[in-house]
Amino acid sequence: GEPPVRAPMGDTLVDNPELKDKIAKFLSEIEQDGPVSGALADGSEASARTVKSIASLNRIFASLDQLEDLLQLLLEGWEPPRVVTIGAENSGKSTILERLCMMPLFPHHAETCTRLPIRVSVRRSAVQLPPTLEVWDTTARQQVGATRTIPLTNGDIDIRDTMDAVIREQNGEVSGVSLDREIRVSLFSPSLPPMNLLDLPGIVENPADVAEHTRELIRRYSTDRRDLSMFLVIIEATSSARNSTAMSVVTERGLTDRCIGVITKCDKLTNEEEWPKVDQQLSNETAEGTIPLVPHGYVATMNKALKLREGETCHARLIRQAQEEVRWFRDEEQAHDGYGSMVDADLATTEALTAKLNHMYIDYVIVSWIPKTIQQLLLELNKCVHEMR
């Protein structure tokens with residue numbers, strides 16, 4: 001008789017428990033957090049495998065890499081989720097995004113502030129390609145100037161220089177923020193998942209006009225496509241959630257169920273009396289000085305910048321920085337007693353933040369991409385069956 005694959009497809013759907021089990025197993029596997037891919041400058045992947053970043057979210061698409069043409073078709077027209085940072089100026093927003101993608105694309109030096117939205121769009125490709133940079137007029141919805149290719153190793157310098165040039169042209173000096181310009185960086189990678197990373201200017205209190213502009217940008221970007229947005233609310237460890245302007249904004253806009261609270265700069269806590277406030281926030285319970293973020297909660301981080309060693313790549317520096325963060329939280333002489341267990345419980349380190357993002361990302365993919373993918377795969381199967389008949 002004919003092989004099963006050549007049999008014509010019927011019009012009636014038949015329950016297939018075995019296929020259901022395979023799909024459930026597949027979804028269970030991709031929800032398990034995985035290692036970042038890539039090697040150190042010396043060619044060793046051992047250390048890189050111990051560091052987690054958003055690259056671990058890539059496994060769902062990597063499993064289809066052998067069907068490269070079909071994968072590109074499946075991704076066409078699908079709008080990936082976006083990670084949006086909201087926080088005060090110099091609270092560590094850009095540092096967190098850099099650590100998540102393990103690439104130096106977000107300016108965050110002491111003398112540099114984010115003065116306009118910076119969007120890094122990650123898309124899958126068979127090979128790593130150089131990033132491209134564009135400036136967009138968000139009011140006219142059109143590109144301003146030419147597309148430029150920038151280096152991957154220190155692209156933050158090009159982005160910073162472009163940002164300063166835009167602000168200088170609009171404001172006459174590098175001061176204030178821009179309400180109608182956005183820097184868009186396109187990154188094509190075989191190891192990172194499709195997503196958009198959005199760094200917004202930090203909230204300030206003075207001068208009054210800039211304070212209003214920073215809040216206006218948050219209102220715009222939190223209203224636009226909130227269904228595909230994951231918000232990181234950045235709070236310095238020395239402050240509290242209830243005193244955070246960023247937390248007030250997301251609470252007022254009803255975004256708490258789409259937020260992860262990120263407590264930054266834990267190394268700035270100088271006495272034992274400050275740690276209980278962090279403990280309270282990590283508990284994600286209602287208490288004085290805290291605001292629960294249900295269901296995703298908070299994580300504590302420490303991403304103190306490390307100097308680049310001679311001959312060291314930026315990626316290797318970021319791996320070293322990530323490993324230092326884990327060591328710091330486990331060292332009871334530096335972090336508070338018991339924070340080693342917080343690391344194990346996914347409540348401390350940027351790796352814990354990655355794990356939380358992993359769950360949010362997978363939930364979005366299951367709802368928005370998996371149904372379309374199964375439908376397309378069935379169409380392709382039907383096409384193959386007809387071609388073989």
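**Helices on the sheet**

I began with helix 4, which lies across strand 1 (82-87), strand 6, strand 7 (229-236) and strand 8 (259-264). Helix 4 runs at about 160° to strand 6. I note here that the model is predicted.

Next I looked up helix 5 (residues 155-171). Helix 5 also packs on the sheet, where I found it touching strand 2, strand 3 (129-137), strand 4 and strand 5 (181-189). The direction of helix 5 makes about 160° with that of strand 5.

**The sheet itself**

I then asked: in what order do the strands form the sheet? I read the order as 4-3-5-2-6-1-7-8-9. These 9 strands form an open sheet, and the pairing is mixed. Strand 4 (142-149) and strand 9 (298-300) are the edge strands, each pairing on one side only. From one strand to the next, the twist averages 20°.

**Two pairings I checked**

I looked at strand 2 (residues 118-124) and strand 6 (residues 195-199). They run antiparallel and are joined by 5 bridges. I picked out V120, whose bridge partner in strand 6 is L197.

Then I turned to strand 3 and strand 4. They run antiparallel too, with 5 bridges between them. T132 stands opposite T149 in strand 4. Strand 3 and strand 4 form a hairpin, with 4 residues between them. In the turn I noted R141, which has a positive phi of about 55°.

**Helix 4 against helix 9**

I went back to helix 4 (residues 93-101), this time for its packing with helix 9 (residues 314-330). At what angle do helix 4 and helix 9 pack? I found about 105°, with the axes 10 Å apart. That angle makes helix 4 roughly perpendicular to helix 9.

I listed the residues that meet. Helix 4 brings T95, E98 and R99. Helix 9 brings R317, L318, Q321, A322 and E325. By class, I recorded 2 nonpolar, 2 polar and 4 charged residues in this contact.

**Helix 11**

My last entry is helix 11 (residues 350-368), which has 19 residues. From its first C-alpha to its last, helix 11 reaches 26 Å. That is close to the 27 Å expected at 1.5 Å a residue. Is helix 11 largely enclosed or open? I found 14 of its 19 residues buried, so helix 11 is largely enclosed by the rest of the structure.

Methods
Residues numbered from 1 in each chain as written. Predicted model: local features only at pLDDT ≥ 70, side-chain atom pairs only at ≥ 80, totals over all residues. Heavy atoms only, no water. Axes fitted to C-alpha atoms, helices over the stretch in contact; angles between N-to-C directions. Helix = DSSP H or I, 4+ residues; strand = E, 2+ residues; numbered from the N terminus. Parallel < 35°, antiparallel > 145°, perpendicular 65-115°, else oblique. Contact = heavy atoms within 4.5 Å. Nonpolar A, V, L, I, M, F, W, Y, C, P; charged D, E, K, R; others polar. Pairing = 2+ DSSP bridges. Expected span 1.5 Å × (residues − 1). Buried < 20%, exposed > 50% of the residue type's maximum accessible area, 1.4 Å probe, protein only.
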